[in-house]
Amino acid sequence: MEVYLAQPRGFCAGVVRAIEIVERALEKYGPPVYVRHEIVHNKYVVESLKAKGAVFVEELSEVPPKAVTVFSAHGVARSVEEEAAARDLPVLNATCPLVTKVHNQGKRYITRGRTLILIGHAGHPEVEGTMGQVPGPVLLVQSVEEAKALALPADTPVAYITQTTLSVDDTKGIIEALQAKFTDIQGPDIRDICYATQNRQSAVRDLSKLVDVILVVGAANSSNSNRLREIGTEAGVASYLIADGSELNPEWLKGARTVGLTAGASAPEVLVDDVIEALRRIGPVTVSVLPGREENIEFRLPAELAAS
């Protein structure tokens, strides 16, 4: 069986930074360090950090007084920041810089008097954080149909921002529907959409031209991992989302000579290796990496941790 690895795959710079913030905080301050929400959507990563002394909570009320607190890569609402400040909690903010950029764009549009539209998925922590950062009402749009159904006059000054784990391709149709509906509309340049999401999706499209089956390593609650599986399916290739090698079903591989393997932006390479080992238990495997975009972006750590 030939296995082709997508390039790029797995961790993006925002995820690397978020995990490093928790690890450095544990080294500098000692355990426990409290993390609000999963630092990234991956059980293996969360369990690894738990083993080192990180404690994951959903609400700040679960954090003891004065305990070092980390905000996850997805970002948080302003009310959460205010609650932490009121309780005098020492906070390390692991929000991805690209998410912070979206927050700032939204705030700018609101201050210019525009009605703000957020393209994203209801209930996703990043969406909840973004809506909670913007000082004004935000209209959430999840589909072309919802964009067309917005009950606003055509000449309303509007602006749109997008969830970072959506790509240019995911949002293109919705943006076009908004542009067709409104005469006075602004939005960020498409180059501002998360590079990592776009690159991983493009790599899966390349992969789909070569393979009989696609395996996406990622968590069930990972938005970008689910989207990678959907893209494989849309390309006409049987595609499956698996957390690790233990979830590999040999039935999926019947009649398959080529298997494509990728990983969502919050899935570590060790889990990709685990799936390859699981494939080897089924039969002989050759592994090759497809050519793809090299990613060399790095995000700076918070000042409190940079020198430690």
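## A negative patch

Glu59 is partly exposed, with a relative accessible area of 42%. This comes from a predicted model. Glu59 sits in the loop that runs between strand E3 (54–57) and strand E4 (69–71).

Together with Glu58, Glu62 and Glu83, Glu59 makes up a patch of negative charge on the surface.

## Salt bridges

Side chains of opposite charge can pair when their charged atoms come close. How many salt bridges does a search of the whole structure find? The search finds 15. Three of them are described here.

Start in helix H2 (residues 43–52), which holds both Lys50 and Glu47. The two residues are three apart, about one turn of the helix. Lys50 and Glu47 form a salt bridge, and their closest N and O atoms are 3.5 Å apart. Lys50 is partly exposed, at 40% relative accessibility. Glu47 is partly exposed too, with a relative accessible area of 36%.

## Two further bridges

Asp206 bonds with Lys209 in a salt bridge, where the closest N and O atoms are 3.9 Å apart. Asp206 is partly exposed, with a relative accessible area of 39%. Lys209 is exposed, at 68%.

Arg227 and Glu234 also meet through their side chains, in a salt bridge of 3.1 Å from N to O. Is Arg227 buried or exposed? Arg227 is buried: its relative accessible area is 14%, and buried means under 20%. Glu234 is exposed, with a relative accessible area of 56%. This bridge belongs to a network: salt bridges that share partners join Asp170, Arg227, Glu230 and Glu234.

## An aromatic pair

A search of the whole structure finds one aromatic pair. Its members are Tyr240 and Trp252. The ring centres lie 4.1 Å apart, with 5° between the planes. The pair counts as stacked because its planes are under 30 degrees apart.

Where do the two residues lie? Tyr240 is in strand E11 (residues 238–242). Trp252 is in the loop between E11 and strand E12 (258–263). The residues are 12 apart, and the pair links distant parts of the chain. Tyr240 is partly exposed, with a relative accessible area of 23%.

## Helix H1 and the loops around it

One joins Gln7 and Pro8, with omega about 0°. Pro8 has its place in the loop between strand E1 (2–5) and H1. The other runs from Pro31 to Pro32, with omega near -5°. Pro32 is in the loop between H1 and strand E2 (33–36).

Helix H1 covers residues 13–29 and includes Glu23. Glu23 is partly exposed, at 27% relative accessibility. Glu23 and Val33 are 10 residues apart along the chain. Their C-alpha atoms are separated by 9.3 Å.

## Positive phi angles

His37 counts as buried, at 15% relative accessibility.

Asp88 also has a positive phi, about 60°, and is not a glycine either. Asp88 lies in the loop between helix H3 (78–86) and strand E5 (91–93).

Note on methods. Residues are numbered from 1 along each chain as its sequence is written. This is a predicted model: local features need pLDDT of at least 70, side-chain atom pairs count only at pLDDT 80 or more; totals for chains, interfaces and linings use all residues. Side-chain values use heavy atoms; hydrogens and water are left out. Rings of Phe, Tyr and Trp (its six-membered ring) pair if their centres lie within 6.5 Å; planes under 30 degrees apart count as stacked, over 60 as edge-to-face and the rest as tilted. Helices (H or I, at least four residues) and strands (E, at least two) are DSSP runs, numbered from the N terminus. Buried means under 20% relative accessible area, exposed over 50%, partly exposed in between (1.4 Å probe, protein chains only). Patches are made of residues with over 30% relative accessible area and no salt bridge: like charges are joined within 9 Å, nonpolar side chains (Val, Leu, Ile, Met, Phe, Trp, Tyr) within 5 Å. Accessible areas come from the Shrake-Rupley method with a 1.4 Å probe; for residues, only the protein chains shown count as cover. A salt bridge is a side-chain nitrogen of Lys or Arg within 4 Å of a carboxyl oxygen of Asp or Glu. Lys and Arg count as positive and Asp and Glu as negative; His and the chain ends are not counted. The place of a charge is taken as NZ of Lys, CZ of Arg, CG of Asp or CD of Glu.
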